[in-house]
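Here is a short note to read alongside the coordinates.

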Amino acid sequence: MRAARIEIRIGGTGGQGLILCTKMLADALCAAGKRVAQSQTYEPTSRGGFCNSDLVIADGEVDYPLATALDYLVLLDRLALKPCWPLLKPGALVIADTRLCPELPEGERDGKSYHLPLSRAAIELGSERVTNIVALGALAALAGICGREALEQAVRLETPKSFLDLNLDALAAGYRLGVQADAAPSPRLASTA
């Protein structure tokens, strides 16, 4: 990470595990010596309403704990598009689920956008509930924001034993999607549908 401050948002709906996967990423970054502030926004419904989880990362003290200009945005539902899109910095990286957020705004944008089958990969693993972990792996692979081993360790620490293998498989599937998308010839339009 080159910048003094990096902002990440994972946006979707309540019940998708956004806050949990952002906590896992925060734990991995803290283990690497980064300073991290985590926050979240959600509607007062337990499932289905807009939700996002943010990380602000710095090498030193985090001067302001809330995200205001996103470097990385992961969209796990089209409901998150409208409140999140205006916060993108020039050059920001966007990852969107092909099934749950099939369309991004038209027009030129200075940055890379990837449409990846995050939820489909989770369903193929046996549970759509691990879409958040697939997304986490794809983000880590495409953004290079933390080491894979540190992230795997954070997933191990936050996952109940009965779901550990599934979550580790989901993380690996996300990494594969990210690596494949990064190797695609036109990352601005990359889609692994």
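## Notes on the fold

1. **Ala135.** Setting aside residues up to four places away in sequence, Ala135 touches Val74, Leu76 and Leu118. The model is a predicted one. Ala135 belongs to helix α4. Its relative accessibility is 2%, so Ala135 counts as buried. Gln180 is 45 residues from Ala135 along the chain, and their C-alpha atoms are separated by 14 Å.

2. **Leu136.** Leu136 also has its place in helix α4. Relative accessibility here is 1%, and Leu136 therefore counts as buried. Its contacts, not counting residues up to four places away in sequence, are Cys21, Met24, Leu25, Leu151 and Leu171. Cys21, Met24 and Leu25 are among the buried residues of α1. Leu171 is one of the buried residues of α6. Leu136 and Ala170 lie 34 residues apart in sequence, with 8.9 Å from C-alpha to C-alpha.

3. **The sheet.** Six strands form an open sheet in the order β2-β3-β1-β4-β5-β6, and the pairing is mixed. Which strands stand at the edges? They are β2 (35-42) and β6 (112-116); each has a single partner strand, so one side of each lacks a neighbour in the sheet. From one strand to the next, the twist averages 15°.

4. **Antiparallel pairs.** β2 and β3 run antiparallel, paired over eight bridges. Within this pair, Gln38 is opposite Leu55 of β3. β1 and β3 are antiparallel too, joined by nine bridges. There, Gly11 faces Asn52 in β3.

5. **Parallel pairs.** β1 (residues 5-13) pairs with β4 (residues 70-75) in the parallel sense, over four bridges. Gly11 has Leu75 as its bridge partner in β4.

6. How many residues of β3 are buried? Nine of the nine are, so β3 is largely enclosed by the rest of the structure. Both of its faces are covered. One side carries Phe50, Asn52, Asp54, Val56 and Ala58. The other has Cys51, Ser53, Leu55 and Ile57. β6 is mostly covered as well, with four of its five residues buried.

7. **Ser39 on β2.** Ser39 is in strand β2. Is Ser39 buried or exposed? At 13% relative accessibility, Ser39 counts as buried, because the cut-off is under 20%. Leaving aside neighbours within four places in sequence, Ser39 is in contact with Asn52, Ser53, Asp54, Pro65 and Leu66. Asn52, Ser53 and Asp54 are themselves buried residues of β3.

8. **Helices on the sheet.** α1 (residues 18-31) lies across β1, β2 and β3 (50-58). It runs at about 10° to β3. α4 (residues 131-143) packs on the sheet and touches β1, β4, β5 (88-97) and β6. The direction of α4 makes about 140° with that of β5.

9. **Helix α1.** Does the length of α1 agree with or depart from 1.5 Å a residue? Its 14 residues should span 20 Å; the end C-alpha atoms are 20 Å apart, which agrees. Buried in α1 are Leu18, Cys21, Thr22, Met24, Leu25, Ala26, Ala28 and Leu29. These buried residues pack against β1, β2, β3, α4, α5 (148-158) and α6 (164-183). In an α-helix there are 3.6 residues a turn, so residues three or four places apart point the same way. Just after α1, Gly33 has a positive phi of about 90°.

10. **Helix α6.** At 1.5 Å a residue, the 20 residues of α6 should span 28 Å, and its end C-alpha atoms are 29 Å apart, which agrees. Its buried residues include Leu164, Asn167, Leu168, Ala170, Leu171 and Tyr175. The cover over the buried residues of α6 includes α1, β6, α3 (118-125), α4 and α5.

11. **Rings.** What sits over the ring of Tyr175? The charged end of Arg148 does, 4.3 Å from the ring centre. The count of aromatic pairs, with ring centres required to lie within 6.5 Å, is zero.

Key. Residues are numbered from 1 along each chain as its sequence is written. This is a predicted model: local features need pLDDT of at least 70, side-chain atom pairs count only at pLDDT 80 or more; totals for chains, interfaces and linings use all residues. Side-chain values use heavy atoms; hydrogens and water are left out. Two strands pair if DSSP finds at least two bridges between them. Helices (H or I, at least four residues) and strands (E, at least two) are DSSP runs, numbered from the N terminus. Axes are lines fitted to C-alpha atoms, for helices over the stretch in contact, and angles run from 0 to 180 degrees between N-to-C directions. Contact means heavy atoms within 4.5 Å. The expected span of a helix is 1.5 Å times one less than its number of residues. Buried means under 20% relative accessible area, exposed over 50%, partly exposed in between (1.4 Å probe, protein chains only). Rings of Phe, Tyr and Trp (its six-membered ring) pair if their centres lie within 6.5 Å; planes under 30 degrees apart count as stacked, over 60 as edge-to-face and the rest as tilted. A charge sits over a ring if NZ of Lys or CZ of Arg is within 6 Å of the ring centre and within 35 degrees of the ring normal.
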